[in-house]
Structure formats: C-alpha cells, structure tokens
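Look over the model, then work through the answers.

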Amino acid sequence: MNGGYFTARLRGGFEAKLKWLLLRFVFGYRYANPVVLKGESIINGEKNENQAVLDKSGDELKFDFSGIQYVWGISVLL
Amino acid sequence: MKLKIITASVVLISNLIFCQDIGIDFNVGYTKLKMNQVNEYLYNFDLVDAGSQLYNPSKYNKIGMSLCFELGVSARFSQFKFGISGNYFSSNGLWESRDTIRAINHNIDVSSIEIVASAGYSVPIYKTAFVLLEGGIGYGFASSEIMYITKSYPSYNEVENINTI
C-alpha cells in the first residue's frame, strides 16, 4: 500500500561549530497530513487491487505519521 | 519602529547577498509516530473486543518508533540558513493477539520518503555554539505492508491463513 502526503516540521536545538564541521542536536514536531494508503491486498486468499485498510465501521483508515522527532547530525561546511 | 524594520531588512538583505557557507548536512534520529491508526486497525479483529490478551506490549509499542535519515544541502547567510533535504523513515513492528480459539500474528512495515525545504535561524550563545530554530515544509510518499497470520488453537502453531494488506 502506498500514498502521498504533505508534511511540515518545527525544530529547535543546539549547534556547535568546529572549524569546517557543525555538530547538531535538534528536537521538534513533525506533522504529516493523515493519508489513506491503498494497494494490493490478499485476504483469505482473495486478491484485491487498490484496497485500503478499513477500520471497524468499514471506513478507510488514515495513517498519521506525525510525531515528536529527535535528531543528531553533522554538517560539512564547504 | 520604522528604523528597526529598515535596519532588520538591510541586515536580512545583506545576509542573503553574502552567503558565508554551503553545508552538506547529514542527520540521523528517531521519531515517535502516533499509535491511533494501529489501534484502529487492531479493532478490525474481534480479539481486541473480546478482551483477549495482547502479547508483547513492548514490541507492540515499537511500531510507534521510526528511524529517520536525512541528507541535504544548505546555504548559510550569517545567522540564517536555507536548505533542502531528502528524508527516509523506516518503522517495523511485530505483535500478537491471542484468545482461546486462535492467535493472530501481525507484522507491519512502514517506510516513507520526504523532500523538505527548510529555513532556520541561529542565535549565538557562545563563540562557537548556537541555538538553532528551524522549520520546513515538504511532500512525502509512504509505503506500508501489513501481514497477519492466523494460527489455530491449541498449539497456536498451525497456520490457518496468511493475509497481506
């Protein structure tokens, strides 16, 4: 299953500069627009195309990939 | 007030003109995803409603954690930073629900790729140390596979069927 979504993030943290190298730790929130993932499924031997995951009431389930993010990183300055 | 705005504008424009550094950025980290969709997905199965036991809750929670890798390029203008990056997120979870007649093993894989444009601002707190604030917007593409295997009682070893979504 697959699907596209819009995303945004807001982060804050610390950077330290060591000559041409930057070391970084940031944390923040990553928002991802909830998305219905669709694709091929095989349920009880029956193959379906363009099938989404359904919730209990039979509605298409939206996957939400938003969440808190912790990141460590480096930058090489040219 | 007008003078402050003009001064800030001049500083911003001069920063934009005189790019100080081009940076190749590599980040690694993890993000905690919301669990809602997994809970709702599990409610498709009567096992949860029947108050059956959900085994291995630590592994169940693991689905909410995703590793992320980020590779990008940024241009730094004094305290301002503008960049574009590619991001890869990967998450995998295994869990099992079981009652007196069957067991269901679930396996979910989620991968996503994002392209993000970002802007940031560094506030110097020491000679070589900065507080960084940044934001970004972008577009992502997620790919997911859920596989659940139903096994029968009493051994919970005999496979009844294998389903993939």
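**The interface of chain B and chain A**

Q: How many salt bridges does the rule find across the interface of chain B and chain A?
A: The rule asks for a side-chain nitrogen of Lys or Arg within 4 Å of a carboxyl oxygen of Asp or Glu. One such pair is Lys17(A) with Asp21(B), whose closest N and O atoms are 3.9 Å apart. Across the interface of chain B and chain A, the count is eight.

This is a predicted model: local features need pLDDT of at least 70, side-chain atom pairs count only at pLDDT 80 or more, and totals for chains, interfaces and linings use all residues. Side-chain values use heavy atoms, without hydrogens and water.

Q: How many residues does chain A give to the contact?
A: Contact means heavy atoms within 4.5 Å. Chain B puts in 57 residues. Chain A puts in 51 residues.

Q: What area do chain B and chain A bury between them?
A: Buried area is the accessible area (1.4 Å probe) that two parts lose on being put together, summed over both. Carbon and sulfur atoms carry 50% of it. The total is about 4600 Å².

Q: Which residue of chain B stands opposite Phe6(A)?
A: Strands here are DSSP runs (E, at least two residues), numbered from the N terminus. Two of them pair if DSSP finds at least two bridges between them. Strand 1 (residues 2-18) of chain A and strand 6 of chain B run antiparallel, joined by 15 bridges. In strand 6 of chain B, the residue opposite Phe6(A) is Tyr139(B).

Note on methods:
Residues numbered from 1 in each chain as written. Chains lettered and ligands numbered in written order. Helix = DSSP H or I, 4+ residues; strand = E, 2+ residues; numbered from the N terminus.
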